[in-house]
Structures are given as C-alpha cells and as structure tokens.
Amino acid sequence: MKEKDIILSARIISMVFTPFYLPVLGLLVLFVFSYLSILPTLYKLFVLLMVYVFTVLAPTLLIHAYRSHQGWTPLQLGVRERRMVPYVLSIFCYFACYYLMNLLHIPHFMSSILVAALMIQILCATVNVWYKISTHTAAIGGVAGAILAFAFIFEFNPQWWFCLTVIIGGMVGTSRMILRQHTLSQIVTGFALGLTVAFLVIITV
C-alpha cells in the first residue's frame with residue numbers, strides 16, 4: 001500500500017470514529033443488553049436522534065465553523081494550544097443534551113452515559129492545559145468502560161463487544177499516530193482515562 005493510501009485510510013478512520021460518538025454507542029449497548037430493549041422503537045429512535053444532534057452533529061458543525069473562521073486546517077486545529085475552544089464547545093453541547101434529557105425524564109441509565117461522556121470531555125480539556133491527550137482514544141476507552149460497567153450491572157458477557165472495542169481503539173490510535181497528531185503515550189493515556197472514567201461514573205452515578 002502506498003504512503004498516500006495509508007494516510008487517506010488513517011484520515012477516514014479518524015473521521016468515522018470521531019470522539020463524539022461515545023454517547024450514541026453507549027445508548028446502543030443499553031438498548032441491546034438491558035431491560036431498556038423493551039422500550040418502543042420510536043422512543044429509542046427519538047432518544048438516539050436527540051443525542052446524535054447534541055453530541056455529534058452540533059459540536060462537529062460548531063467546531064468546523066470555528067476552524068473555518070480561524071482559517072485553520074484540521075491538522076492545525078490539532079495543536080494543543082488551539083484545542084481549548086473546541087473542548088468548550090463540545091462540553092456545552094453535551095451539557096445541553098444532559099439538561100434536556102433531565103427535562104424529558106429520560107431513564108437514569110441513559111443520562112449516566114451523558115455524565116460519563118461529559119466528565120471525559122472535561123478531564124481531557126483539563127489535562128490538555130499541560131499535556132496533549134488523545135480525545136479519540138479517550139472516547140473509545142469510554143465505550144469500553146461503559147461496556148464493562150453495563151456488563152457488571154446487567155450481568156451479561158461483554159467479551160466479544162469489549163474485544164471489538166479494543167481492536168477499534170487500536171485502529172484509531174494507529175491512525176492518529178500516522179497523522180502525527182499524537183504519540184503512543186498520549187494515545188494510551190487517553191484510552192486509559194476514558195475507560196476508567198466511564199466505568200466509575202456509570203457504576204456510581
């Protein structure tokens with residue numbers, strides 16, 4: 001495979017597995033493995049759409065608008081000192097989603113996913129002041145932590161789902177290194193932070 005093909009593949013993987021998909025993936029796990037699977041299909045689709053709009057679509061559009069306003073490329077936005085505004089924008093969107101879910105009396109286990117994702121965002125933003133951590137692998141680590149937490153709560157075997165998540169995490173981490181956005185230590189730190197925070201939040205909240 002040529003170098004340009006490898007770089008293109010890395011960019012596609014980074015785009016497909018954007019950090020913002022953690023809440024949506026967490027909800028899908030809930031809808032498959034928990035008692036929430038008995039909820040009406042339209043209700044589940046409504047919740048997924050609402051969470052998608054606030055945690056994927058809105059932050060993506062806002063960050064793109066900010067980057068375009070600054071005249072930066074995606075790689076230029078990846079500089080540590082320039083990442084704080086995107087963090088603030090995404091945290092605001094996540095908090096708005098959590099607030100709306102509470103207003104609509106969405107079941108507790110669903111909102112706990114938003115709390116976990118919000119905490120991961122806040123901690124990544126805090127760490128970014130001193131150290132450039134990978135939010136891509138933090139999000140994948142969050143999915144892994146959520147799977148382990150829900151497996152503990154609902155007593156199902158998470159082996160295959162967890163292994164799949166780890167494999168995806170490896171692909172995402174490799175793509176970020178190929179694009180020279182992160183070092184191996186930044187990628188591993190991000191995954192460990194996401195896994196730990198998501199597991200603890202979902203277990204305790």
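**The largest cavity and its surroundings**

Modeller: The lining of the largest cavity is made up of P19, L22, Y94, A117, I120, Q121, C124, T135 and A139. The model is a predicted one. About 60 Å³ of space lies in this largest cavity, and the count of cavities of 30 Å³ or more comes to 1. Helix 6 gives the most to the lining, with 4 residues. Helix 6 and helix 7 each supply at least two of the lining residues. Sorted by class, the lining of the largest cavity holds 7 nonpolar and 2 polar residues, and no charged ones.

A pocket, unlike a cavity, is open. The second largest pocket has a volume of about 210 Å³. Its lining consists of F17, L25, L28, V29, V32, I140, V143, I147, W161, L164, T165 and I168. Three helices each give at least two residues to this lining: helix 2 (22-33), helix 7 (135-154) and helix 8 (159-178). Helix 7 also supplies at least two residues to the lining of the largest cavity. By class, the lining of the second largest pocket has 11 nonpolar residues, 1 polar residue and no charged residue.

F46, F95, Y99, L103 and L104 make a nonpolar surface patch of about 530 Å². Helix 5 (residues 84-103) gives the most to this patch, with 3 residues. L104, one of the patch residues, lies in the loop between helix 5 and helix 6 (108-128). L104 counts as partly exposed because its relative accessibility is 40%, and partly exposed covers the range between under 20% for buried and over 50% for exposed.

The loop between helix 5 and helix 6 also holds H105. H105 is exposed, because its relative accessible area is 68% and the cut-off for exposed is over 50%. The backbone of H105 has a phi near 55 degrees, which is a positive value in a residue other than glycine.

R180 also has a positive phi, of about 60 degrees, although R180 is not a glycine. R180 is found in the loop between helix 8 and helix 9 (184-204). With a relative accessibility of 78%, R180 counts as exposed.

Definitions and conventions
Residues numbered from 1 in each chain as written. Predicted model: local features only at pLDDT ≥ 70, side-chain atom pairs only at ≥ 80, totals over all residues. Heavy atoms only, no water. 1 Å grid on protein atoms, 1.4 Å probe; cavity = no way out; pocket = protein on both sides within 12 Å on 5 of 7 lines; lining within 4 Å. Points joined across faces, edges and corners; volume = space filled by probe spheres on them. Nonpolar A, V, L, I, M, F, W, Y, C, P; charged D, E, K, R; others polar. Patch = residues over 30% accessible without salt bridge, like charges linked within 9 Å, V, L, I, M, F, W, Y side chains within 5 Å. Areas by Shrake-Rupley, 256 points an atom, 1.4 Å probe, with all protein chains shown as cover. Salt bridge = Lys/Arg side-chain N within 4 Å of Asp/Glu carboxyl O. Buried < 20%, exposed > 50% of the residue type's maximum accessible area, 1.4 Å probe, protein only.
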